Protein chains: 4
Amino acid sequence: MRPENPVFIPGPTNMPEVLRRACDMPTLDHRSAAWGEILRPALAGVARVIEAPADARVLLFPATGTAGWEAALANTLSPGDRVLACENGMFSRRWIAMARALGLEVEELRVPWGEGLPAQRMGEVLAADRGHAIKAVLATHNETATGVVSDIGAIRAAMDAAGHPALLFVDGVSSIGSMPFRMGAWGVDVAVTGSQKGFMLPAGLAILDFRAMAAATEGGGFPYTPPVGLISGLKLSCELLLGEGMEAVFARHRRIAGGVRAAVAGWGLSLCAARPEWRSETVSAVRTPEGFDAGRIVTHAAERYGVAFGVGLGDVAGKVFRIGHLGLLSDVQALAGIATAEMVMADLGLPVRLGSGVAAAQEHYRASAAAMAAAA
Amino acid sequence: MRPENPVFIPGPTNMPEVLRRACDMPTLDHRSAAWGEILRPALAGVARVIEAPADARVLLFPATGTAGWEAALANTLSPGDRVLACENGMFSRRWIAMARALGLEVEELRVPWGEGLPAQRMGEVLAADRGHAIKAVLATHNETATGVVSDIGAIRAAMDAAGHPALLFVDGVSSIGSMPFRMGAWGVDVAVTGSQKGFMLPAGLAILDFRAMAAATEGGGFPYTPPVGLISGLKLSCELLLGEGMEAVFARHRRIAGGVRAAVAGWGLSLCAARPEWRSETVSAVRTPEGFDAGRIVTHAAERYGVAFGVGLGDVAGKVFRIGHLGLLSDVQALAGIATAEMVMADLGLPVRLGSGVAAAQEHYRASAAAMAAAA
Amino acid sequence: MRPENPVFIPGPTNMPEVLRRACDMPTLDHRSAAWGEILRPALAGVARVIEAPADARVLLFPATGTAGWEAALANTLSPGDRVLACENGMFSRRWIAMARALGLEVEELRVPWGEGLPAQRMGEVLAADRGHAIKAVLATHNETATGVVSDIGAIRAAMDAAGHPALLFVDGVSSIGSMPFRMGAWGVDVAVTGSQKGFMLPAGLAILDFRAMAAATEGGGFPYTPPVGLISGLKLSCELLLGEGMEAVFARHRRIAGGVRAAVAGWGLSLCAARPEWRSETVSAVRTPEGFDAGRIVTHAAERYGVAFGVGLGDVAGKVFRIGHLGLLSDVQALAGIATAEMVMADLGLPVRLGSGVAAAQEHYRASAAAMAAAA
Amino acid sequence: MRPENPVFIPGPTNMPEVLRRACDMPTLDHRSAAWGEILRPALAGVARVIEAPADARVLLFPATGTAGWEAALANTLSPGDRVLACENGMFSRRWIAMARALGLEVEELRVPWGEGLPAQRMGEVLAADRGHAIKAVLATHNETATGVVSDIGAIRAAMDAAGHPALLFVDGVSSIGSMPFRMGAWGVDVAVTGSQKGFMLPAGLAILDFRAMAAATEGGGFPYTPPVGLISGLKLSCELLLGEGMEAVFARHRRIAGGVRAAVAGWGLSLCAARPEWRSETVSAVRTPEGFDAGRIVTHAAERYGVAFGVGLGDVAGKVFRIGHLGLLSDVQALAGIATAEMVMADLGLPVRLGSGVAAAQEHYRASAAAMAAAA
């Protein structure tokens, strides 16, 4: 990788320098008042970014997103509890495995990778669970492996239609801060994310938001040395996102993603996401022709042009390569990634015409930039 | 706190700017080869810093030291297992509580806070455990609450004398990287520390070292997004420590600590550590006169002079204040802390003569600096 | 301008983060030995980068490149002295004006902007100056306004053929560190540059190199507070350039420039540089169609896409826009700039097909990357 | 020098990290609008910091303070012009030498080093100059070599009393931003300073302020690449100073200086400044006993304790050492410097009792901190 090139992996994202600097703090006595001046707005900022209801409570701790999932499950459910989940990609698969490892009984649905979560089928399962043995529904909002976003509001609607009291747990790791996430409106009980995606920070901070009803433990205080720098960065990240306006942030991601999707169409390729409504605004998984190992694209891009794309994972390993387009990324920088992908595919003998994806993306970016300029 | 003043808390420590910069990296694709160039030397460096045996295995993960303890216990012991531990301060107390929360049965010894761990008594308990029901001995190398270091080698000798096969777990959070820690020579099976003490890094990284026999889980790879920056900092931290030479690092801490202890004697006060051999080189807990609330010193120092000292914890809350002297700290900066403590105690009416502690520390630092200059 | 986009101005260049950090130093006592450890390798590094002869002497001082020119002239020539110079762009024009302001008599030649310096005509003037009234020849190695590089070796050859003893002053501001500059081989007596171009540092440091015969003043020491940070950056910049190898650095710039020129041809446009041998490797001045104000491209790129290109200056104002391609810039980032220029020209109604320049540049970068990979 | 220790030289000063960061900017196109957003408040801020009259004009350029002096003289006076100046230290001596080098005729007064400028004598000379041949009075506000501040208001009063129209040039390099400087009230026509003293920035920026009547040249715009980062730092520096309030800034320097002077008295030594009203708030030159080479203190402090003090210059070389106390420096850090000086003097056999200066300074800082707390 060349440090002057942006990365095109679906997180960790390219980080604004101001956020990196906010993280890089000299030592602060975390028992001093100054610490509260950092922590409080960080917590409040996260709540606003995810549109948490007033009674929600944000927890931050130095951990991976995976540990965040574990903390969410372990602090609210008990071994033997039954949960409903559906695998539609690698990350939902891992969450199901973790739930089992924690002793939960998983009522597991499956849809083909590339599809969104089946709200209707989930509702049917819940309706059939008259005894309310199912304590929680686990939903992956944005499947990073397939570039598929699911309709969490529809799942909530299905739960409500079934009159089922299960808690709704949502993995928002690769959606929160980049795509609409309406914790309150969607009735999400526990939301999980990390610092290294939409918040554009280094990895290392798990971010959880519990509705009061879901919070089994009463937190308060940090009974350990907090990662002051990361939380200082989180405070500023929320300020930047909220200062831009969350709807503007979402529109920006949608615009960048639109150009990437136009390029994919320009190349004559298709997305892993099977339907338009499932297309993620943060990552596109691009299907390569049958018989071609998509992993070669990622390796060649790294070795020859110093650019990082994402490999396919699990069931779509070798079948897709992924272009991350979340976090700090402009239209101009997206074009650099698209142009690189074209060079790579041409180098590897795929029938992609140089400039074809770029031109399609340029049309998209020109039109949307003109519309923004006209609106301003 | 004023940012131009060093902190005198027992961790997180003052950080060298080069380490902060090593942590502050642009996004790196952690699936690229560049990541290995950071991770491998970081792991090898930690092993050298703690003098790990060849078969030991270092684990790094984004977590607090507390979570590091938990991971150490949870990955090697099972609920119902019996462990031997001794409370001699706040951090040993917390570890015992955690062990119980994990379902372990704790054979608990107690000594007064201010004393080191009783190797002989521990040996007697082990000798009496003829059935070897005790699976592990938990030892806090340096009690940060009392400024007491314990003789881990003596505990190992007692274990060996008893012919007992229990594992030896050592909390080296506030000793590793600052005081001698001979994992191999002491037969330590699991050592735990964090990034924010002797390694002089931001908080957020748990560092564990398992001997092969203790490693229940076979790790390898990072099944999640690693905290690349912190581990990049850890790599450089190890290079700095090993480049200086660990014995030189230990001597430096001993020298700085010696000046602080001379100042305490100059003030006519005493340490919480009950005997000279228990005096920590990383933190001094200073007993204040009967009837005086030691916490006022910490508050007043912060409010009036912008300097952070450590409060007393647990059984010695209000009875001691703590001066941290680990990590990046020169003799000159230690004198600033000592001079500040003098002003604070005088402000609060304690019978401390201005300049008395400073002069005692100056004598210590002059003599030791002269000896170093003569040796060089 | 958006901070995530590279700049495409012909200096100051995009700066590697390591160089910015090397400049950002805490206060150093510049009377301490540590200062020599920075200054000496910086001076030696500059001498190596420009292939200075052994008797040359590098001077550094906080100043603009313009002040560097002034210092070069003022310290070696006296009012009334005669110099030979040729205007072929904005920067040569300014140098001539400065020489006059300093009281020098300028024998001025002119060639059309877009042409290189006329070595043959210069030789003829010198041959005719039998009394050797001309004390110095002023030559602009790379005309930043027109993207024209001149053959300094040919000028030296013409001077030698004329048997003329005049000194040879060369403005290498936008060439040194990016294009071959052979101070010794070309018999350059005084070379002038600044920190913000090939050295990829912030502006603020003038860099002069005098051959012994030209050095009227005996310097030594800094009789003022030196800009320690900038010179620390210069030290590292030289290490990076020399570590890569100057020929590799030149090849890298040639490669990036080649892609930009391919794109210009792909657009059906032409360069200001009138002949291939005059094409600069650091900046391309692109002629726009008759009747179109080229400045609009620069304004529109900045306002709509947050990308900085260079405007036309002086006689070519409104007729060209400039793409800087020196300093930190990869093929991938150059494609971002090319794609942006395409969008801008299309937005402004110029008959440029989207993707046309990108595809031409991609071909160039693919082929050259493949050749490099094959060679490695 | 050890990087964890503050410096105690009279500039460059210890720099707040926020200012260093403000200077460390990625490349900005200085022809873009963003540049004006940096430059304008920087210029306005400087004018407010020095209490410039409304018609004054601030000039910034990458240069040393020395070059700033030269620019001030060269742009307002002509060779042959007569100026009045008085040597009372090294920097006034240098300014006189420079004026002569520029062809000015200097009417030179002298007072012993350690005294302030003699306003009355200067007035007498001006009164005697009935033909107003003297075009300018050159005054060094704060003599950094001797730690002597002069009364510029008194010089203006003497000029006015003499009814003399000469311009008043003031070197405020080591006073502006730290001690009261009332450009308007004092009728200063040209004020000169640099970035590396009261503004707490890296060296490299000359800062000039001309009253309209003194400004021979009409500037405007930067006809060269400006040092964007330094000026960005200057903008923030002014914001910090003005945000704190200039009178509070002055009081802070006075308080820190007071502790240093108390320490000097505690050591039984005296200042170079011959009278209390001449004592500088930014630097103290401390006289050492007859027959002792004061330079040894500076060398020993650097070598043994890694701390930088200032040597004596010119006529007081070997007779004084200097403690800088301007810029970022707390009472606590000043005590570190005082304690170090004590150790050094004791090491070198001077009859200084350890803790004596520290205790005197502690009394000063305790009392003033208590007064501030009471006022707040």
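**Where chain A meets chain C**

In this predicted model, the contact between chains A and C draws on 35 residues from chain A and 35 residues from chain C. On the side of chain A that touches chain C, the elements giving two or more residues are helix H9 (295-305), helix H10 (331-347) and helix H11 (356-375) of chain A. H10(A) gives the most to that side, with 11 residues. By class, the side of chain A that touches chain C holds 17 nonpolar, 9 polar and 9 charged residues.

One helix pair across this contact can be followed residue by residue. Two packed helices are described by the angle between their axes and the distance between the axes. H11(A) packs against helix H10 (residues 331-347) of chain C at an angle of about 55 degrees, and their axes are 10 Å apart. Angles from 65 to 115 degrees would count as roughly perpendicular and those under 35 degrees as roughly parallel; H11(A) and H10(C) are therefore oblique to each other. Their crossing, that of H11(A) and H10(C), is right-handed.

From H11(A), the residues involved are A:Val358, A:Gln362, A:Tyr365 and A:Arg366; they meet C:Ala339, C:Glu342, C:Met343, C:Ala346 and C:Asp347 in H10(C). The residues of this helix contact divide into 5 nonpolar, 1 polar and 3 charged.

Chain C also contains helix H8 (residues 246-266), which has 21 residues. From its first C-alpha to its last, H8(C) reaches 30 Å, close to the 30 Å expected at 1.5 Å a residue. H8(C) is followed by C:Gly268, which has a positive phi, near 80 degrees.

Technical notes:
Residues are numbered from 1 along each chain as its sequence is written. Chains are lettered from A and ligands numbered from 1 in the order in which they are written. This is a predicted model: local features need pLDDT of at least 70, side-chain atom pairs count only at pLDDT 80 or more; totals for chains, interfaces and linings use all residues. Two residues are in contact if their C-beta atoms, placed from the backbone, lie within 7 Å. Helices (H or I, at least four residues) and strands (E, at least two) are DSSP runs, numbered from the N terminus. Ala, Val, Leu, Ile, Met, Phe, Trp, Tyr, Cys and Pro count as nonpolar, Asp, Glu, Lys and Arg as charged, and the others, Gly among them, as polar. The expected span of a helix is 1.5 Å times one less than its number of residues. Axes are lines fitted to C-alpha atoms, for helices over the stretch in contact, and angles run from 0 to 180 degrees between N-to-C directions. Angles under 35 degrees count as roughly parallel, over 145 as roughly antiparallel, 65 to 115 as roughly perpendicular and the rest as oblique. A crossing is left-handed if the near helix is turned anticlockwise from the far one by less than a right angle, and right-handed if clockwise.
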